[in-house]
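Please read it beside the sequence and the structure shown here.

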Amino acid sequence: MNIEKLDIPNLTENEWNELHDFTAELFAEFYPHQSKVTLEYVKEIFKESSKDSFAEHFVVMDGYNKIIAKARFSYAKPSPETKESDLDNVFIDFRVRKPYRRKKLATELLSYLLKNEILERHTRIRLSAGGSPGYEFCESFGGKITSEKYESSFFFDEADWEKIENLNSEAREKSSDVSVVITDGLSKEDEAEYYDIYLNMEEEILSKYDKSRVFNRDLMKKEFIESKKSKEALGIKSLIAWARDDSGKLVGLSEIFSYPDNPKKFSTDLTGVIKEHRKKGLSIRMKTELLLHVKKNFPHVKFIVTFNDKDNAVMRGINTKLGFVPDEPTRSFLYKTDELKKKLGII
């Protein structure tokens, strides 16, 4: 057994195939209702890069050159837009094949990364975990939970469409002073309003559910724009529900995405309504209109996935009412680097 750093740009076809097998096995375990992961999809994901952050991958190999565990760690690149406090953080995500769990592989990999000189300047570490084995691993080091998110799925074949129609009608009556229009993607003319409302909602979400993160509006806008470009390059398309008042002002937004490598799947992005127009059923109206639109125009779609913070009781309640079924939450744990090193016996 040995630990290796993946040289993504120079991986051989055999190495790509092994990385695909590892990714596909875990994907099938955690997302059994979704389509199988293709080799092309894995290559796109691992080759994807960001102007604002570094990402590196390490794997644990057995004696037969089979990947049995992997870690991805990422951290911000220094730039005029990056706050000093953001440079203190490193994000680490572990994945271990089921037969090899509870064998200290993730601990060995974490120790290896903490000894790496690249991490010397980071004073805080964030680990994420989904499911009981991952929780136990992170909790064993005394980390502080800073966020908890649920992934929920809506299955078209199992949905109560009569209920959804009724919810849509009720929401239309409550928000009769607002119009909702669905468009294919984002036009140049709508970009300014789109990013403005998204950034306002993101700032509000962070202030409520993840106070440990610093909100940097300019940096986050750049990340949104880059994310859009990356999605377009991968052939990912969106449907956007725009809610406007009588004056034409944008008061709400809801977006979902489709994927060329998985035509059965859509996923949601942020759904938001400005404070002055809340409690009118606008979130339910936009979401139900998108669901009904997809049902009518994309009959091949089987499910939609969404993500919500544990403390976002309002949106989780809306999704439950619509018929979304939650999986186990993903928890993010925060540690001081030196304290984590002491627990691992490194210092």
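Helix α9 (residues 282-297) buries L282, S283, I284, R285, M286, K287, T288, E289, L290, L291, L292 and V294, where buried means under 20% relative accessible area with a 1.4 Å probe and protein chains only. Because 12 of its 16 residues are buried, α9 is largely enclosed by the rest of the structure. The model is a predicted one, in which local features need pLDDT of at least 70 and side-chain atom pairs count only at pLDDT 80 or more, while totals for chains, interfaces and linings use all residues. Residues are numbered from 1 along each chain as its sequence is written, and side-chain values use heavy atoms, with hydrogens and water left out.

**Helix spans**

- From its first C-alpha to its last, α9 reaches 22 Å, close to the 22 Å expected at 1.5 Å a residue, the expected span being 1.5 Å times one less than the number of residues.
- Helix α8 (residues 217-233) has 17 residues and reaches 24 Å between its first and last C-alpha, close to the expected 24 Å; helices here are DSSP runs of H or I with at least four residues, and strands are runs of E with at least two, numbered from the N terminus.
- The buried residues in α8 are L219, M220, F224, E226 and K228, and just after this helix G235 takes a positive phi of about 80°.

**Packing around α9**

- Helix α6 (residues 161-174) and α9 have axes that come within 9 Å and cross at roughly 135°, with axes taken as lines fitted to C-alpha atoms, for helices over the stretch in contact, and angles running from 0 to 180 degrees between N-to-C directions.
- That angle makes α6 oblique to α9, given that angles under 35 degrees count as roughly parallel, over 145 as roughly antiparallel, 65 to 115 as roughly perpendicular and the rest as oblique.
- On the α6 side, W161, I164, E165, L167, N168, A171 and R172 meet I284, R285, T288, E289, L291, L292 and K295 of α9, contact being heavy atoms within 4.5 Å.
- By class, the contact of α6 with α9 has 7 nonpolar, 2 polar and 5 charged residues, where Ala, Val, Leu, Ile, Met, Phe, Trp, Tyr, Cys and Pro count as nonpolar, Asp, Glu, Lys and Arg as charged, and the others, Gly among them, as polar.
- Helix α10 (residues 313-322) packs with α9 at an angle of about 40°, their axes 11 Å apart, which makes α9 oblique to α10.
- In the right-handed crossing of α9 with α10, S283, I284, K287, T288 and L291 of α9 contact M315, I318, N319, K321 and L322 of α10, and these residues divide into 5 nonpolar, 3 polar and 2 charged.

**Packing of α1 with α2**

- The axes of helix α1 (residues 13-30) and helix α2 (residues 39-47) come within 9 Å and cross at roughly 95°, which makes α1 roughly perpendicular to α2.
- E13, W16, N17, L19, H20 and T23 of α1 meet L39, V42, K43, F46 and K47 of α2, a contact with 5 nonpolar, 3 polar and 3 charged residues.

**Positive phi in loops**

- K104, in the loop between β4 (89-96) and α4 (105-115), has a positive phi near 70° although the residue is other than glycine, and K104 is exposed, with a relative accessible area of 61%, exposed meaning over 50% and partly exposed in between.
- K279, in the loop between β10 (262-273) and α9, has a positive phi near 65° and is exposed, with a relative accessible area of 83%.

Notes: Left-handed = near helix turned anticlockwise from the far one by under 90°.
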